[in-house]
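Trainee: I am new to this structure. Please walk me through the labels and the rules behind them.

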Amino acid sequence: MKLYQSIGPNPRVVLMFLEEKGAVIDRAFVDIMKGENRQPDFVAKNPFGQVPLLEMDDGGYLSESAAICGYIEEKFPTPALIGSTAEERAVTSMLIRRLDYDVVGPMTTAFRGSEGLPMFQSRMRCLPEAADGLKACARDGLAAFDALLAGKTWLAGDRFTLADILLYCLTEFGKMVAQPLPEGLANLAAWSERVAARPSAAASLDAKKGTA
């Protein structure tokens, strides 16, 4: 295996997942600020030109952070961060799906249409006219997850999972792009502090860690 990683919330999800696993695999840093992800050699590996990207054991390539983490879980099953039973895996998948729709999608699309517009407008469709509404949708999603966390340690209850990693990496990204955690979400704030205390949270900040 070889992981092509970079800065940004989605690459960080995979890095934090690997840190939690204690798994060591080959890594390469892709400088997206210099457009290395849009060069022919990289696009040949991933036509969508996105990171993270994983070269699998069979020589094929896998993109999308959740899919990459699912593959890594199969290769390094302990500790289980998606689930060790069909029921646990189903709950984690449900949470990730909800996060994608209610937080990740609106937050990142809003960023590309506002603070990130200068970076993205030349290479993809951006929606500056919808940015404020999308930010509001992301806040609504965060409020829903705050309610979900009532009486819980982690999103799935007593299990720390990929869903916690995804939400943490995205909310940390939100803090940097004018989309901080809304005030009054006490459950989410306390949860964020618990995640931040895990060694994987700090270790995953170094996008160049372990790269050649």
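Mentor: Start with K135. Leaving aside neighbours within four places in sequence, K135 is in contact with A110, S114, E115 and Q179. Contact means heavy atoms within 4.5 Å.

Mentor: A word on the source. This is a predicted model, where local features need pLDDT of at least 70 and side-chain atom pairs count only at pLDDT 80 or more, while totals for chains, interfaces and linings use all residues. Residues are numbered from 1 along each chain as its sequence is written, and side-chain values use heavy atoms, with hydrogens and water left out.

Trainee: Where does K135 lie?

Mentor: K135 is in helix α6, residues 131–148. Helices (H or I, at least four residues) and strands (E, at least two) are DSSP runs, numbered from the N terminus.

Trainee: Why is K135 called buried?

Mentor: Buried means under 20% relative accessible area, exposed over 50%, and partly exposed in between (1.4 Å probe, protein chains only). K135 has 12% relative accessibility, so K135 counts as buried.

Trainee: Why is F48 called exposed?

Mentor: The relative accessibility of F48 is 66%, so F48 counts as exposed. F48 is found in the loop between α2 (40–43) and β3. From F48 to A197 there are 149 residues in sequence and 34 Å in space, C-alpha to C-alpha.

Trainee: How do you know which strands are the edges of the sheet?

Mentor: Two strands pair if DSSP finds at least two bridges between them. The open sheet has 4 strands in the order β2-β1-β3-β4, with mixed pairing. Strands β2 (26–29) and β4 (61–63) each pair on one side only, and they are the edge strands. On average, neighbouring strands of this sheet are turned by 20° against each other, direction ignored. Axes are lines fitted to C-alpha atoms, for helices over the stretch in contact, and angles run from 0 to 180 degrees between N-to-C directions.

Trainee: What joins β1 to β2?

Mentor: Strand β1 (residues 2–5) is joined to β2 by 4 bridges, and the two run parallel. L3 stands opposite R27 in β2. Helix α1 (residues 9–21) packs on the sheet and touches β1 and β2. The direction of α1 makes about 140° with that of β1. Helix α3 (residues 65–75) also packs on the sheet, touching β3 (53–55) and β4. The direction of α3 makes about 125° with that of β4.

Trainee: How many disulfides are there?

Mentor: A disulfide is a pair of cysteine sulfur atoms within 2.5 Å. By this rule there are 0 disulfides. C126 is in no disulfide, and its nearest cysteine sulfur, that of C137, is 17 Å away.

Trainee: What makes the pair of W154 and F160 edge-to-face?

Mentor: Rings of Phe, Tyr and Trp (its six-membered ring) pair if their centres lie within 6.5 Å; planes under 30 degrees apart count as stacked, over 60 as edge-to-face and the rest as tilted. The ring centres of W154 and F160 are 4.9 Å apart and the planes are at 80°, so this pair is edge-to-face. W154 counts as buried at 9% relative accessibility, and F160 counts as buried at 8%.

Mentor: Y168 and W191 also form an edge-to-face pair, at 6.5 Å centre to centre and 70° between the planes. Y168 is in helix α7 (residues 162–176) and W191 in helix α8 (residues 186–196), 23 residues apart. The structure holds 5 aromatic pairs.

Trainee: What makes R194 a charge over a ring?

Mentor: The rule asks for NZ of Lys or CZ of Arg within 6 Å of the ring centre and within 35 degrees of the ring normal. The charged end of R194 sits over the ring of W154, 5.8 Å from its centre. R198 lies over the face of F160, at 3.7 Å from the ring centre.
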